[in-house]
Amino acid sequence: MQFKTTSADAGKKVTACAIVGVYDKKQLSAAAAEIDTASGGLIRGMLDSGDLSTALGAATLVARVDGAKCKRVVVVGLGSRSGLDRRAFYKAMQAALGKITSSKVTEATCYLTAEETVGADAYYRGRLAAQALGEHRYRYTEMKSRNKSPVPKLKTLTLAGGNRDDLKAVEQGATHGAGIVTGMNLTKDLGNKPANICHPTYLAEQCRKLAKKHAKLSIDVLDEPDMAALGMNSLLSVGHGSEQPCKLIHLDYRGGGDEPPVILVGKGITFDTGGISLKPGPQMDEMKYDMGGAASVIGTMAAVAAMKLPINLMVIVPSAENMPSGRATRPGDVVKSMSGITIEILNTDAEGRLILCDALTYAQQFEPAALIDVATLTGACVIALGHHRSAVMSNNDALASDIVAAGERAVDRAWHLPIDQEYTDQLKSNFADLANIGGREGGAITAGAFLSEFTKNANWAHLDIAGTAWRGGAKKGSSGRPVPLLVEYLMQHID
Ligand code: BES
Ligand code: MN
Ligand code: ZN
């Protein structure tokens with residue numbers, strides 16, 4: 001991916017493809033008007049004849065533009081001017097690029113970045129444009145020997161802006177967007193990889209590779225004996241049934257001097273069968289995505305390192321495979337976690353919280369400014385919020401609202417759910433300090449409440465991404481979420 005900027009007249013700029021917007025009530029954007037003038041009324045004519053839609057997300061490819069210097073033009077509907085917010089902008093970008101997916105165009109000029117957008121200045125428009133191109137170009141084909149869907153040829157995008165400052169901001173945004181894409185692509189690749197390849201040891205190796213690439217990034221991987229010595233019996237109990245050993249990956253990026261680090265902890269269950277509390281068969285393959293939290297925090301680290309952000313960031317990934325076997329943990333087993341809290345494992349399928357609690361205890365020794373865990377934790381979260389928003393829970397409302405706000409800005413939305421004592425009360429056990437399940441009611445929150453018992457000494461938040469980390473069905477694949485939200489949160493943390 002490569003980005004350039006321009007403030008040239010759209011009718012006079014040589015390009016294989018111009019991307020311009022039109023608004024409701026047949027209003028042309030400035031760039032659309034310039035092409036219209038150069039071409040003797042092409043766009044206005046098509047609007048008048050009803051061959052162009054101005055509805056948000058509608059896009060029309062016009063293959064010949066006599067008079068103007070562009071070979072083609074994609075005209076995108078932007079809806080109403082006042083309705084063009086950052087989400088609408090992103091949707092329009094995606095629709096425009098969708099029109100040239102299988103075309104020969106290798107280079108295009110996008111004028112949408114010059115359109116005033118509610119809540120998104122030139123910097124954010126550049127960033128969202130770069131992100132749209134990244135999404136457009138992503139394919140996961142490494143396991144295919146034939147019928148590979150080709151990567152679109154579009155590589156270079158010239159982004160339009162007004163004055164000099166605008167152009168600088170657009171360019172800076174595009175550079176950051178490219179960094180976010182680097183992170184999202186790693187997140188997607190790790191998520192889409194089958195669990196017979198992507199096991200805890202593989203995740204650790206990939207993190208070692210990432211650490212080698214960046215001078216400010218170092219890594220430590222704890223093996224099972226190291227974890228046993230620290231008393232991480234809850235984490236280890238989850239991997240007992242598997243042939244694959246558990247790992248605890250600890251990445252440390254130092255770009256921010258002596259500041260206390262932000263720590264991201266990602267659930268790294270490389271496959272979740274449910275264990276002895278075995279899951280039903282349909283869609284069980286999707287449980288290869290149960291390391292989506294880990295993939296997203298590793299991807300965020302890759303983005304932060306690529307962008308060379310001046311912050312301190314640690315990423316901690318507890319990783320295990322949840323399998324049934326003669327050595328597997330049984331329902332009713334009691335384990336002592338690293339914190340000293342004992343846990344009755346009433347359901348071996350509630351395993352995410354069991355690996356996270358030990359990782360969160362481990363993390364607190366580094367005295368983080370903020371401690372955020374990210375996990376595909378509960379089916380209940382998908383019932384509550386669907387596939388549109390991630391859930392945020394926290395012991396600090398200000399932190400939760402910072403995260404929700406970051407999600408808004410990054411077009412990667414989240415929603416704050418409460419944690420009250422009543423939810424924690426649902427986790428009572430007759431035989432240990434805590435049970436690992438709290439019943440069906442409020443299942444996403446009782447999972448968060450469980451984690452909150454282990455994070456009393458931290459400024460902590462939990463992101464449940466069970467509904468947002470991947471898409472199912474015909475377009476099955478990792479979404480790369482919530483990398484945009486996390487990077488945005490970290491960038492805000494700098495100011
Ligand atoms: N990884 C699953 C959560 C999940 C399920 C994510 C479906 C996305 C789609 C998690 O380990 C799990 O199995 N949770 C149980 C918890 C229950 C036993 C309390 C669940 O949600 O059913
Ligand atoms: Mn499970
Ligand atoms: Zn799970």
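## The zinc site

In this predicted model, the 6 donor atoms around the zinc ion (ligand 3) subtend angles of 79 to 177°, and the arrangement is therefore octahedral. The donors that the protein contributes are Lys267 through NZ, Asp272 and Asp290 through OD, and Glu351 through OE, and they lie 2.0 to 2.4 Å from the zinc ion. Along the chain, the donors of this ion follow the spacing K-x4-D-x17-D-x60-E.

The site draws on distant parts of the chain, since aspartate 272 belongs to strand E11 (residues 268-272), while aspartate 290 sits 18 residues apart from it in the loop between E11 and helix H9 (292-307). Aspartate 272 and aspartate 290 are both buried.

The manganese ion (ligand 2) is coordinated at 2.0 to 2.2 Å by Asp272 (OD), by Asp349 through both O and OD, and by Glu351 (OE). The angles among its 6 donor atoms run from 71 to 170°, and the site is irregular. In sequence, the donor residues of the manganese ion are spaced D-x76-D-x1-E.

A distance of 3.1 Å separates the manganese ion (ligand 2) from the zinc ion (ligand 3), and aspartate 272 coordinates both. Here too the chain is brought together from distant parts, with aspartate 272 in strand E11 and glutamate 351 in the loop between strand E14 (342-345) and helix H10 (352-363), 79 residues apart. Glutamate 351, like aspartate 272, is buried.

Strand E10 (residues 262-266) is largely enclosed by the rest of the structure, because 5 of its 5 residues are buried. The covering extends to both faces of the strand, with Val262, Leu264 and Gly266 buried on one side and Ile263 and Val265 buried on the other.

E10 runs parallel to strand E12 (residues 312-322), to which it is joined by 4 bridges, and within this pairing leucine 264 has valine 315 of E12 as its bridge partner. E10 also pairs in the parallel sense with strand E15 (residues 370-375), over 5 bridges, and in that pairing valine 265 stands opposite aspartate 373.

## Packing of helices H4 and H5

Helix H4 (residues 122-137) packs against helix H5 (residues 164-192) at an angle of about 35°, with the two axes 6 Å apart. The crossing in which H4 passes H5 is right-handed. The residues of this contact comprise 10 nonpolar, 7 polar and 5 charged.

Conventions. Residues numbered from 1 in each chain as written. Chains lettered and ligands numbered in written order. Predicted model: local features only at pLDDT ≥ 70, side-chain atom pairs only at ≥ 80, totals over all residues. Heavy atoms only, no water. Axes fitted to C-alpha atoms, helices over the stretch in contact; angles between N-to-C directions. Helix = DSSP H or I, 4+ residues; strand = E, 2+ residues; numbered from the N terminus. Left-handed = near helix turned anticlockwise from the far one by under 90°. Nonpolar A, V, L, I, M, F, W, Y, C, P; charged D, E, K, R; others polar. Donors = N, O, S within 2.8 Å, 3.2 Å for Na, K, Ca; no water. Tetrahedral: all angles 85-135°; square planar, octahedral: opposite > 155°, others 65-115°. Buried < 20%, exposed > 50% of the residue type's maximum accessible area, 1.4 Å probe, protein only. Pairing = 2+ DSSP bridges.
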